[in-house]
Protein chains: 2
Amino acid sequence: MEHQLPPGFEAAGVHCGIKRNPQKPDLALVVSRRECTAAGVYTQNRVFGAPIAWNRQITPSNQVRAVVVNSGNANACTGQRGLRDAEAMAQAVADQLGCRQQQVLVLSTGIIGQYLPMDKIMRGIAQAREQLGASQDHLLQAARGMLTTDTRPKLASARFSTTRGQDVPLCGIAKGAGMIAPNMATMLAVVMTTAQLAPEQAQQMLHQAADETFNCLSIDGHTSTSDAVLLLATGESGPLEQEDRHRFQAALHQVCEQLARQIADDGEGITHLVQLDVEGCPDRQTARQVAKTVAESVLVKTAIAGGDPNWGRIVSAVGYAGADVPLDRLVLEINGVPIYAQGGPCTFDAQGLAQSMKQQRLVRIRLDFQQGEARVRFWTTDLTVEYVRFNSQYTT
Amino acid sequence: MEHQLPPGFEAAGVHCGIKRNPQKPDLALVVSRRECTAAGVYTQNRVFGAPIAWNRQITPSNQVRAVVVNSGNANACTGQRGLRDAEAMAQAVADQLGCRQQQVLVLSTGIIGQYLPMDKIMRGIAQAREQLGASQDHLLQAARGMLTTDTRPKLASARFSTTRGQDVPLCGIAKGAGMIAPNMATMLAVVMTTAQLAPEQAQQMLHQAADETFNCLSIDGHTSTSDAVLLLATGESGPLEQEDRHRFQAALHQVCEQLARQIADDGEGITHLVQLDVEGCPDRQTARQVAKTVAESVLVKTAIAGGDPNWGRIVSAVGYAGADVPLDRLVLEINGVPIYAQGGPCTFDAQGLAQSMKQQRLVRIRLDFQQGEARVRFWTTDLTVEYVRFNSQYTT
């Protein structure tokens, strides 16, 4: 799929010198030609980066003009100086665009506990401003400018037609969840659209979409200090009727889900992407609790790395998830094959199933409690020798 | 330290054929010559083995005569037939000893979802009965009979004198936390003593000791279906005054802590044992929540494997622990060296600290919130390439 900036947006990605490799952009700028609605969903970590503190004061808003992103340094655990640096980034972009500081959102990802090289960043902002453009390549460079240990940029698009026949495009870029040399996994995403949304409405819709997608993604269970998802909506395509708002929510979900899935699929050293469907629960919270516990079990993840349909590890993870749902009707399937039901193992072709797990990158696990209508789809990865090797490399 | 069965106990460990290697005992029997007080603390997993269900009906009790343990098969997820098998094990021991079925506790550890080879177990029980004895070697064989992927038996002892000058010995044996081919980590422990305790009193004291030791131990965060800690107290050394009960509690804590530490130190593929002290919290629950979150962070554990004093991973794990304690006075030390304080990194000799982490098996992490008096000591391990390799071996 060819991804394009929605009309009204420009973007750029440049190398300003935070990363050593001059081939890798480390600063991205996304600009809306006019003031737009902006919503943000941020990390729930009580330790959070300076940019998160800055953005929280601003979103939701209907006056945002730009998002500036740097990669290679998270500006987290950097105290008052870090806050001043985040503000200075916003001010520098505002100076370039002729707007106010409060109209600029800031994202930083990378190593934590180190101060930003502000001289480089200032030059990078000026350079990015010069290079702004609306082409596919501009979009791609901005997406590349967010990356840290990612092996590829992440882009996703969707579009829908309003009841009045107006075309509404959405386009998102994201990074993560790679380890930041050497500190933590972070996910960032910026979704742009021409839809017309009030700030609170945008905030509520983004919250719902993030809740169903990015918050259903766990690679290592370690919540970053810098996670952020932003939605920018210019309003150019005019007001949305109620039916249009449903369509927008669905399109936003689609973009966020594609980005979340790409993030998991680019997890460090992974050999399997795991799609975990937890179904038949009395409520969604229960389904999510079970999904998160199974997804984060080191034993489940190592079994998947080995292509082992090890129902014992999955069922026992369900058992300690702390979810208050009866287990007596639980059915567990891997890749569509029932392997555990009604309290005991099923008869199945273990060798054949193992073979399919080894050959396919995607592993589908389905847990059906048959106790209700609530369900959740969760994404995770296997845990490989390469992941551990990568993350225990000595870097101090 | 030389470990000995307390007077009044006999033990045996035999090979009955559950494990393939005839050099490895797979059935252990511990017998009290007279009826004794017995308490039990069991797994909190909602999926639990048949022996757990059996023991829960019995403890606390003042009439227990024996504990029979098999390794190599957990008798978990085995439905009604599994329950009948656990009862049959108790009955077989009762027949041998001339007591009632309800006087025999049962422990099983190993693969889950497979039925016990009852013919082998029956022969093993008869054989163990013949070989019962009170020597150090008998104790050691019983400790070996509990093991699965452990590389060595775990034994611990303590003793104290009562206010009347009576000597009270305690001795414990344990296994874990190794993966069971290929299903899960399980810990089992049996502590024997001559102290005189009422059943409810024994239960309460064991609960407290387990809470402070075995429940402060996490290797992979995966709660087994079969975890159990048993306390057997013959009463031979006579009643305990109030001061003696404090001494007994301290001695019981000491034995349980030694066993918990040995379990962590024998974790699969580990290269570092981590002692995590979380201090200065408003309450113990908060301290434990922080400790568990840090101890189970894959990123913290891989950093330790690499000898990397990576404070960013530790502080960010604190941040997502969900604990409601202010972070502004938090001090983090590794091996006695302050590396993070008052919201920012300290100046420290990173190379020197890394060198000490690489050279020593024990890593001491201390988190002091300076917000209260509550503290917890928690044990964990690093996460190595060898652990993942071991646990992703294809075994189905």
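1. Chain A splits into domain 1 (9–265) and domain 2 (273–391), with bounds from an automatic or database domain assignment. Bear in mind that this is a predicted model, where local features need pLDDT of at least 70, side-chain atom pairs count only at pLDDT 80 or more, and totals for chains, interfaces and linings use all residues. Residues are numbered from 1 along each chain as its sequence is written, and chains are lettered from A and ligands numbered from 1 in the order in which they are written.

2. The C-alpha centres of the two domains of chain A sit 32 Å apart. Their contact draws 10 residues from domain 1 and 12 residues from domain 2 (C-beta atoms, placed from the backbone, within 7 Å).

3. On to the overall build: chain A has 11 helices and 14 strands (DSSP runs, H or I of at least four residues and E of at least two, numbered from the N terminus). Its C-alpha trace spans about 70 × 55 × 35 Å along the principal axes. Of the contacts in chain A with a separation of 6 or more, 80% join residues 24 or more positions apart.

4. Buried residues account for 60% of the 396 in chain A (buried: 20 or more other C-beta atoms within 10 Å of the residue's own, all placed from the backbone).

5. Now the partner: 53 residues of chain A touch 54 residues of chain B. On the chain A side, elements giving two or more residues include α8 (298–305), α10 (350–359) and α11 (385–391), but α9(A) gives the most, with seven residues.

Conventions
Two residues are in contact if their C-beta atoms, placed from the backbone, lie within 7 Å. A residue is buried if 20 or more other C-beta atoms lie within 10 Å of its own, exposed if 12 or fewer, and partly exposed in between; C-beta atoms are placed from the backbone.
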